[in-house]
Amino acid sequence: MFNWDEEWNISFAGCGFRSIYYLGALSCILQEVPRLVHGASKICGASSGCLVAAALTVGIPIEQLCVDVLMVAKEARKHTLGIFHPTFSLLRTVQDVLLEKLPADAHLRASGRLCVSLTRLTDGKNVLVSEFDSREELIQVLICSCFFPVYCGFAPPSYRGVRYMDGALSNNMPLFEQRNTITMAPFSGESDICPKEGTFNFFEVHYGNISIQVNTGNVHRVCTSFLPPRLEKLAEICHNGYMDALQFLRDRDLLGKQHIPPSLEMGTDTIKPCCELAASKKTLLNGRNPHRDDHCWLDMKVIENLPLSFKKVLCEACRDSHDGGTFLPSKVVMNLLILLMMPIELTVLLIKSMILSGCSVIFKLLTLIAVFCRETWSSRCEDLNSASPCSSGSSYSDIRTQTGRHKKIKPLSSATTPNSDKTLHWDNNCNLNLLSITPTSGGPSNFQNNKTPTCGKVALNHQTQPTLHQT
């Protein structure tokens, strides 16, 4: 029995491409008991599970997330080496999807409700992040939690100056220790919503707060987490998630009435079709529907219980990826051509990376040179500004040279009357004084008064030069 009076959390384990299992489970919960998702206090996740948790907290429809998961899997399967092809970057593809789909206020919606598990690179300790200052910071946290070493590259991303890697390596089930946390995992084990194996198993592996049974089914599930299976198989995984979530709701008495799957309640022939071709009602005399028989890209029984919106998404994705029964020799020729083109692609990729690295180094060198030149120029300007116009031990008799060098300093002149016996005088302390002298227009120079006058009128004139004396 589920206790609605206490706060509860939802936690998603990291599982790579099998995260579509969560989308099928969530489609069932949102269809039957939406309060279980909307009323959760925290929604947690590690690795690919944090992407599902982020979509729930910021309001991205799970049908849209299903389209993105199928698109990434389809893009990875295009290449001969899959995700290990040098021209394909799983982390960059996920980052492009996040930049395109997350709303502008995603960090505000996610703060306080989304909890992302990270593993610090330096010491391997687990870090839980639930507060985000910006949309870019939220994206960076999600990218850090999805970085699996070697599988996603060799240079771990950083968050606030610290490098992190996949959160599943240290804590694959955040808030697992809290009693009212609903745990989900696409591996058979002890999680609340997970696949159920038919036989009892004595061996289990506990790692990162998640329990995984040791059996052949889980070995296959782990492999398909890293290597994307066919889209038809992903559709089947999505349907399995729906059925396991339905069983969880039934076990916790969260269904208002005895729920019967649509395939059993209405009959297989009355299930709503996923596309126009499947909806065709034209039948032959033998009772067969040729249009439904042509619906070969996806078996209707695989997705019979999913909501109609999921059926359309899965049907369209499988139809686009269906090769239509390509002739075998054509497939062999195409694979041979791809293998022959592989060395050329690797060479082009290597040259491109070398060019980008060289440009990055040159840009950094130019930046350092510009910073050095700017600092040198600033220091010189400070030295010129701090230099005084008069230095001790130097004479001011060379004032004409300095006034010629600095255009803003104008030469001084005396504008006294012809009978005036006053002149300007600079002392060694750079002070301007008035001294009594005999006018230069008369006979021999005779001082009438050796004392400095108590008053006098001094003006500046550009036409006559003053007579200067050193003391």
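The model is predicted: local features need pLDDT of at least 70, side-chain atom pairs count only at pLDDT 80 or more, and totals for chains, interfaces and linings use all residues. Residues are numbered from 1 along each chain as its sequence is written, and side-chain values use heavy atoms, leaving out hydrogens and water.

**Whole chain**
- The chain holds 14 helices and 11 strands; these are DSSP runs, with helices (H or I) of at least four residues and strands (E) of at least two, numbered from the N terminus.
- Of its 471 residues, 40% are buried (under 20% relative accessible area, 1.4 Å probe, protein chains only).

**Strands around E2**
- Strand E1 (residues 9–12) pairs with E2 in the parallel sense over 4 bridges; pairing requires at least two DSSP bridges.
- Strand E3 (residues 114–120) also pairs with E2 in the parallel sense, over 4 bridges.
- Gly 45 in E2 stands opposite Phe 12, and its bridge partner in E3 is Val 116.

**Largest pocket**
- The largest pocket holds about 950 Å³ of space. A pocket is an open set of points on a 1 Å grid over the protein atoms alone, where a 1.4 Å probe fits, with protein on both sides within 12 Å along at least five of seven lines; lining residues have an atom within 4 Å of a point.
- Helix H5 (90–101) is among the elements that supply at least two lining residues. H5 gives the largest share, 6 residues.

Note on methods
Buried means under 20% relative accessible area, exposed over 50%, partly exposed in between (1.4 Å probe, protein chains only). Grid points are joined across faces, edges and corners, and a volume is the space filled by probe spheres set on the points.
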